[in-house]
Structures are given as C-alpha cells and as structure tokens.
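I opened a notebook for this structure and wrote down what I looked up. The entries follow in the order in which I made them.

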Amino acid sequence: MPGYLSSEVDIEGRVRLVMESALTARDRVGVQDFVLLENYNSEAAFIENLRRRFRENLIYTYIGSVLVSVNPYKELEIYSKQQMERYRGVSFYEISPHIYALSDNTYRAMRTERKDQCILISGESGAGKTEASKKILLYYAVTCPTNDHMAILGDRLLQSNPVLEAFGNAKTLRNDNSSRFGKYMDVQFDFRGTPVGGHILNYLLEKSRVVHQNHGERNFHIFYQLLDGGDDDLLITLDLERNPQNYRYLVKGNCPRVSSISDKNNWKVVMKALPVIGFTEEEVQKLLNIIASVLHLGNTQFGEGEEGDTYITTETQTSNLAKLLGVDGSALREALTHKKLTAKGEEMISPLNYEQAVSARDALAKAVYGRTFTWLVEKINQSLALKEEIYHSSKDSSVIGLLDIYGFEVLQQNSFEQFCINYCNEKLQQLFIELTLRSEQEEYETEGIAWETVQYFDNKIICDLIEEKHKGIISILDEECLRPGETCDVSFLEKLEDTVGSHPHFITHKLANGKTRRVVSREEFRLLHYAGEVNYNVNGFLDKNNDLLNRNLKEVMCQSDNQILSHCFRREEVIDQKRPEMAATQFKNSLMKLMEILMSKEPSYVRCIKPNDAKQPGRFDEVLVRHQVKYLGLMENLRVRRAGFAYRRRFEAFLQRYKPLCPETWPNWHGRLVDGVSTLVNHLGYKAEEYKLGRSKIFIRFPKTLFTTEDALEAKKPEIALTLQTSWRGYRERAKYQRIRRAVIVIQSGWRGMKARRRAKRRRQAAELIRRFIKGFIYRHEEYCPENEYFLDHVRYSFLKNLRQNLPKSVLDKSWPTPPPSLVEASEHLRRLHMRNMVIKYCRRVQPEWKKQMMQKVVASEIFKDQKDSYPLSVGRLFLDSRLEREQINLKVIQTLGSDKVQYGVSVIKYDRRGFKPRPRQLLLTNTFAVLVDRTKIKQRIDYAALRGISVGSLSDGMFVLHMPTEDNKQKGDAVLHCSHVIEVVTKLAMMANKTSYVNINPGSIRFTVARGKEGIIDFIRGSELKVAKGKRGHLLVTAPRINAT
Ligand SMILES: Nc1ncnc2c1ncn2[C@@H]1O[C@H](COP(=O)(O)OP(=O)(O)O)[C@@H](O)[C@H]1O
Ligand SMILES: [Mg+2]
C-alpha cells in the first residue's frame, strides 16, 4: 500500500478512513459512521443505527472524527493487549470503530505532524467518560515506547487516577463512580513519542456534595474509604468511629454503603498510590486530618441563645476539630458563631444566628474540602511535571490533552451548576464548529475549491448571551451579587428579563406565550441551548455564585499549622480587600483558558451515551438515548459534518479503489491522476453538483453517490476477481511453463553437449584408430613395433575371434581358418589341441557296447580294408551280438556245451570238402572254441588254439575257410563255409581266437585241406550274381557280383 494511507491523519484523513471502514463494513451492523446515513436529518434513523449496533455489543460508532460510545454496563472483550496491538499503527481502514483507533490516530497525528492534539470526552454522568479517558491513558501507557524513567511517570499517571477519584468522585443516582469535577489532562510526549510528563486542570468541583447529598447518593468516596479501610489506630488518632451513620455529612443521602463499591479495597489502592505520586507520610497524615476534620465539622452542632445568638453544643467535637485543623480552638469557635464586618473602616464583630452559623460551618467545610482538592491536583501535577533535565532534552515535545468533562445536563431541577455545565458545553460546541469548519475551509483553500456556505447552526449567539461583558447572564449575576441593598435570586431573574429579555434564546414565565408559559415556572428562566431547552431555577444562584466564606473563618484557617491548609488559605486573601471573583466568572475565565488550550490543538471527540438509567447491560432506553443524542448535539454534529462534502479522497486512492469500474482506467491509468479520476467519474455518470475535483482530492457531496459507486464495485468484484484469478493463473502457469522450459533447455543443452562431446571423442578415437590401422597395415610385414602393434594385434584378435566362431564341430570336419602369418604356429597348436579335445570329448561320450562295436569295426577294418569287395558295404552295418536267437539253438547242443557259453551264433552253409554238397549249419562261438551244429548234433568242434588260419576271398562273396591242423586225425579237415555276414563272423572269430593276423585274403583262389595230403581249391570270379557251384577240375567255383564302390 502506498504511504499516503498512514500519513494522512488530519481530520479529513480520519474522516476518510472511518468512512471507508464504514463502507467495507456496511453490510455488518448498521453503519459504522453516521456520516453515511442516507437521511442524516432523521433522529430516528440515527437512534436505530445506535440501537442495532448496541444490540451486537458494537458500542462504538463514528460521526466523522467524532467517536460515539454507548456505555455497555458490562465488561467487553475488546480492551485486551491484543486489541491494542490490533489498532496500533494501523490506519483504521478495515477495523471497526474503537476508542483505541481514536487514541492511536491521535497519537500518530501528533507524531507525524508534530501538532498538539486533544481528545474531548463528553456525555452525561454515567455515560462512560471517565472509563473512556482511562482506556485512552492505558492505551498510551501500554503501547507507547518507554524507558525506566518514563515507566515511573506512566505509573504515576495511572496511579493518580484512583486518588483523584477517591477525592473527586462520588456515588450518585446515575453513576456509582461519578466524577464530580471536570478534568483536563495533558500528556506530554518527547520527540520519540515517549510520555514524559503530565498536567491536570480541574474544573468546578461539586463542593455542595460535602455538606449535602440527594437521596440515594453519597459524599465523596474518600470519607467512606477512610472509615471502612483505615486501621483502628488511625481512626483513634483522628478521633473517628467506624460507622459512617455517625456523621451527619455522610447520612444525608441515606446511602452509606454501595454494593458495587469496595471502600476497603479502594482505600488500600489509594494508600498505595499516594507514595507513588510523591506524598510523604506527613503529607498523608495532614491530608487525613483534613478529611477527618470535615466529618467533625459536619457534626458540629449549634444551640440558639435567647438573644438570637448561637453557641456550639458539641464542645469536645470542636476541640478535636481544632486539633485536626491545627488551629486555635477558641478562635475557631468564635469564627463559627460570629462574623466580622468592616464598616466605615472599623471592624465589628456580630453574632450569627442559627442559620447563619450552620451555613458558615458548611461554607468552611466546602472551602476546606474544595481547596484541599485543588492542592491535591497541584501536588499530583508536581509529580507528573516534566522534569527539568528531561525537558531540556525533549524541547521538541508534543501534547495530547484529554478532557473528561460533564456533558449537557438537564435535570428535573436545574440550578447554578447545570447552568455552568451547559455553558461549558456551549463553549465546546463552539469550538467544535470553529475547528471543524476551519479545517474544512483550510482544506478547500489548499484544494482550490470555492468555499461554499455550510448550513449549520452557529451557537455563538447563545455563548454571547451567557458570557458577554456587561450584557451577558454571568455579568448580570455578578452585578446582582455585588449590588448593595436587598438582592435576592428573584431580583436577579427580573434583572435578566430587563436586560436579555428580548434575546431569541432566552425565555421566562413572564416573557413566554401561553403554551411555553406552562412549562416555565415563575422562578425559572429558560435557555434555548443549541442542544435543546433547559429551565434553570434561580434559587441559590446568588449564594452559589458568591461562594462566600466569612473573613474571620479565613483568618483562623490562615493560621493553621497544617501545611496543606496554610497553603490553601493564604494570608494575602484576608488582607486583600478586593473582592475575589465570583464563581461563575471564575468558571468563565477558566473556560476561556481551556478554550485557548484546546484551540491550539487538533481535536478528536468522544461522545458518551448511557443506554439506561438502571446501570444495566443490554437495555436500550430509547427515550433516554434520544434525549442524550439531542443534548450532546449529535444531530448537530452530523449536520456540520455533512454540510459540505460527505467524502473526500486523494486522487490516487480514489482511482486505485474504483478504477475497475471504467475500461479506460482499468487496469492502469497512465495519464495525470486528475484526468484519470475525471474520466472515471464521467464514466460513472456523476453529475456536476455531486462532486468537485480539487488539486489532489476528489470531493463527493452525498453518501448516496459514493454508495452507488461502492455497490457497483461490489457487483464488479466477482468479475475483477475472475479476471485477477485468470490472469494470476495464467501468470502462474506461464511462470511454471517458463521455469520448466528453462529447465528443459538447460538439461537439453547439457545432454546435447555431452552427446556431442562423446561423439567428437569417438570420432577422434576412430580417426586415430583408422590412422593406426592404416599405418599398421603398411608396416604389417615388419617386426612387431609401435607402428604396427595395433594392426597386428587387431589381425590376431580378429583371427582368434573368427576362429572361435568357426571351430570345427566334429573330428571329421577338417576345415580350419587360415591364420595370419604371425599365428601359423599358434594356429597349428590350437588346431591340434582342439582336435584332441574333441576326441577326448568324443571318447568320453562312447558307451561300452559301442566301444565293443568300434573295436570290432577297427579290427574288421584292419583285416578287410581295401582287401575285400564287400568291406565298404559292411562298414555302415552294425555288428550284432548274435545272429541267432537263443531259442534257435537246440537245447541239447547247449547242454552238451555245458559251461562254455555261446557268445555268438550264426547260420552258415557248410560245403562238403568232397563233392561240395551244401549243408545248412549253425556256427556257434564260445570263448575258446567254435562248433558247427546240425540241428541237435555238434558236427565239428574247432578249438581256437588249434586254428591254423582263416581264408577269405577278395570278392563280394561270403565264402570263408577255417584251416585246421592236418596232423591231427581227430580233425576232419578244413571247414569250407559260406555266410552272408562273413566280415562280422570272421572278425568275431579272429578276435575271440586272438588270431587276427591269421586271416588271409586271397584274390583268385583259396587252397584248403580235404584230408591228409589232399587239397581242394576254391576259385573266385566276378559275375553278375552270387553262385556257388562245382567248377572244372573239381574246384569249387564262386561267382561274386560286382559291387559299386561307394
Ligand atoms: N466501556 C465500558 N465498558 C464497560 N463498562 C463501562 C464502560 N464505560 C462505562 N462503564 C460502566 O459505567 C460506569 C460509569 O462510567 P464513568 O466513566 O464513570 O461515567 P462518567 O465518567 O461518564 O460519569 C463505570 O463505572 C462502568 O461500570
Ligand atoms: Mg466521570
């Protein structure tokens, strides 16, 4: 927010701020500022607004810079330290009206403008004036900066209150703690805003209360406090009894005790406070002596002598009294019953009659109490005074004045006091008008706006009526008091009729017309105050104005050895023959001074209202409130405030708030401010009479104009919110997108960079590699050297890699990659290794049967390879364990063989050695011999050991001959056999007999032994098919088919 919000704290600023706070809170309860009431002339609307807010415990409402406060008669939770903090330093833009807001604003105005301020609090008795002033003081004590020294001052400021209240307040019908004097208090602040001093001015203490109280009321609190709270010793020294009923001055109202007041506690508070505000023990004692003496005076009784003289009937009482007053007893006694007259330069003493004596006594009591009260205030002032050394360091101090003074008073019977009080309020109203209009005018001037006459009632005419020299009511009263001869209150009234009878604001019974005459009695005069009419009864006016104390009583008092009294009753007063000023004139003069003081300051106002006479919370007595609204002049306040422009605001602030309402000014106006505002209000359709543009501010005449604008703004708000929302969202999303984009770019460029770097590196490496490769290639035939190492390594490596992938898968595969020259030797090693490895692996896989088979095949190969035509065909055919099933061999044969198990059996054809007759036989092999079996009969046994040889032809036939020894007769000769599995049979037989070397392969023919010395021949020829037959020359001719060698 721009700075103008906090700096603009002049009256207008405050008004503007409160109006705005009222604006924003318009929907809450009523209006927070009466200035915004549409019908500002309607008292009913005014009261209704007060009532509605009061019902919600909203006791504060503004009329511009005026704070209206309604006494809640209950503790509200709005005075805490937090609340103070809430209002502190905050322009009350948004915050509800509060006494703290006013206090804070005043304080800040003082600080920022270095101009003295004052807060004027007025209202009926019991309306909450004193409470308000206390709240303000407390606010300053808590929130203002302070130091140790100033803390003491703050303490004194706060502590002086209970003391002043004890002596100056009393229980009345309207208020249990009614201030019976007017009080103006200055609080001084140094340039840092620290409170540095204080000063109190008191006005018109209601002294008559000392001697008389109306029914239901009490004397000043201090008397009851002393009696209730003082300890026994103290009461004995003062010669007092505890029961207040024993004191005539305390029983007039017949109300010694009040439930809401704890005299005992308050006594303690006062006794604690006195030393704080600088009372010595002696002073306290003297003060209490005086208080006690007043009580004793009240009990002083007179008797009437026969010659109309008077004497004192309460002797002991009087001696005590003299003792307490510190005066001579007999002098006092005489002074109470006689008066001293000076006639023609001679002093004469004449006795007083009973009434005179009583009134002299009462006059003394009032004088003693009244002057002591004044002394008390002085004493407090001394303790609050700005100390010299501080004063010098804080020349630059400013002041906030607090005026807690009786408001307009209209009782059933109004007397001299009410006259003074109401006169005071006329003066304050005058001040209000002058200051408000003055500031208004100044503002118009600085803003360059033509001054317009403001319609309001100027009460100067009433002030003049009362105070004008020689012609005013006070002058007439004084004159009447001084006039020699028979004067009385009625003659005063007549004099008034003669002198001011024609004044439009003055009426008496005699002067009034019929209707008014009925409400003004013959002893009354009526004044038409700005706030309303008041009838004053003239009875007692003269006496009260005279305020006389017999001279001889004064003389006695002058001689008192009580320092307080000797200070109060000056000898000069007795010597000085000049009549002292009358009470009304004194009051008038003190008011003049007060006005001067206030005129030099910026005022703020607190107007207090009490909602009912019963001191009850929650009750709003409309009649009573209307009465106060009237007599506090609130409607008049409002009228003056509303006479000119209801609302004003600096251009920038106005534009800032309402710019959404006009397309040209939304979202920003770039030209001159005044043009912006002008464009805006034109767009809004303001009429010329509704507003004016000053140099820096816009002035709006009617709240209605503003409300319409405000309503338009309210209506526009969702739209603005939406726009703001969308643009905010857009902004947020855009920002998010930008963020992501930036991140992506960063990542991307990082990644790309890395990739590029990698690629470059790879390229570099590749180029290097290629270079080395080429170089290596060139040097490939050289010795291993740096130039070719890479190339050669690579060649080796690729050979080995290639080899690994192309190793022969079986022993039969003889392929092998061609090694580079440098690896020839290694390659050969590897090849062999690999072969061996494969062989080993192969062998490991071979089963025993297969091994047997292989061994047989190997043997067969050794015997037959390249020797016999049928061999290549036999290689692929497996050798069987046997060609005969077990059942094919006759059991008998098996039995005959006994333990020699048949290992192999096969069907063969046996050819007779002679004749070559073919006979089918079985050839059975055991481990040690072979047998030829003809069904059940073993025809021939051939022991392997005896076997001389085995002959086989080279063709594809199955003929084979087992050669037996010729010398052995047992043997029948060689066996000529034919078997289609000749290679298998021969191999097995040769292996079993362990006679592989005995096998002969004969091309052409085989010779065999028939019998001893006899030989047979088998001839082999190639033919188309296998044929075994007898040939020529007794040879066996075997024709074998040709087999295509594969
Ligand atoms: N703001 C307030 N909150 C609560 N009670 C209040 C307030 N103002 C006044 N009162 C009550 O009203 C009584 C009278 O107030 P006081 O200030 O003494 O009146 P005045 O000084 O106007 O005669 C107080 O004693 C108190 O009980
Ligand atoms: Mg008061």
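**Entry: a loop residue.** I began with F916, which lies in the loop between β20 (904–911) and β21 (918–925). Helices here are DSSP runs of H or I with at least four residues, strands are runs of E with at least two, and both are numbered from the N terminus. The phi of F916 is near 55°, a positive value in a residue other than glycine. F916 is buried, with a relative accessible area of 8%. I noted the cut-offs: buried is under 20% relative accessible area, exposed is over 50%, and partly exposed is in between, with a 1.4 Å probe and protein chains only.

**Entry: conventions.** This is a predicted model, in which local features need pLDDT of at least 70 and side-chain atom pairs count only at pLDDT 80 or more, while totals for chains, interfaces and linings use all residues. Residues are numbered from 1 along each chain as its sequence is written, chains are lettered from A and ligands numbered from 1 in the order in which they are written, and side-chain values use heavy atoms, without hydrogens and water.

**Entry: another positive phi.** I looked up R1033, whose phi is near 65°, also positive in a residue other than glycine. R1033 sits in the loop between β30 (1027–1030) and β31 (1036–1041). R1033 is exposed, with a relative accessible area of 69%.

**Entry: a cis bond.** The peptide bond from W666 to P667 is cis, with omega near 0°. I found P667 in the loop between α30 (651–658) and α31 (673–684). Most residues other than glycine have a negative phi, and most peptide bonds are trans.

**Entry: the metal.** Which protein donors does the magnesium ion (ligand 2) have? They are T130 (OG1) and S179 (OG), lying 1.9 to 2.0 Å from the ion. T130 is in helix α6 (residues 129–143) and S179 in strand β5 (residues 178–179), 49 residues apart. Donors are N, O and S atoms within 2.8 Å of the metal (3.2 Å for Na, K and Ca); water is not among the atoms, so sites may look incomplete. Both T130 and S179 are buried.

**Entry: a covered helix.** Helix α24 (residues 551–558) has 6 of its 8 residues buried, so it is largely enclosed by the rest of the structure. Among the buried ones I listed L553, V556 and M557. Their cover includes α16 (354–384) and β10 (338–343), where contact means heavy atoms within 4.5 Å.

**Entry: the whole chain.** I counted 38 helices and 31 strands. The C-alpha trace spans about 225 × 75 × 65 Å along its principal axes.
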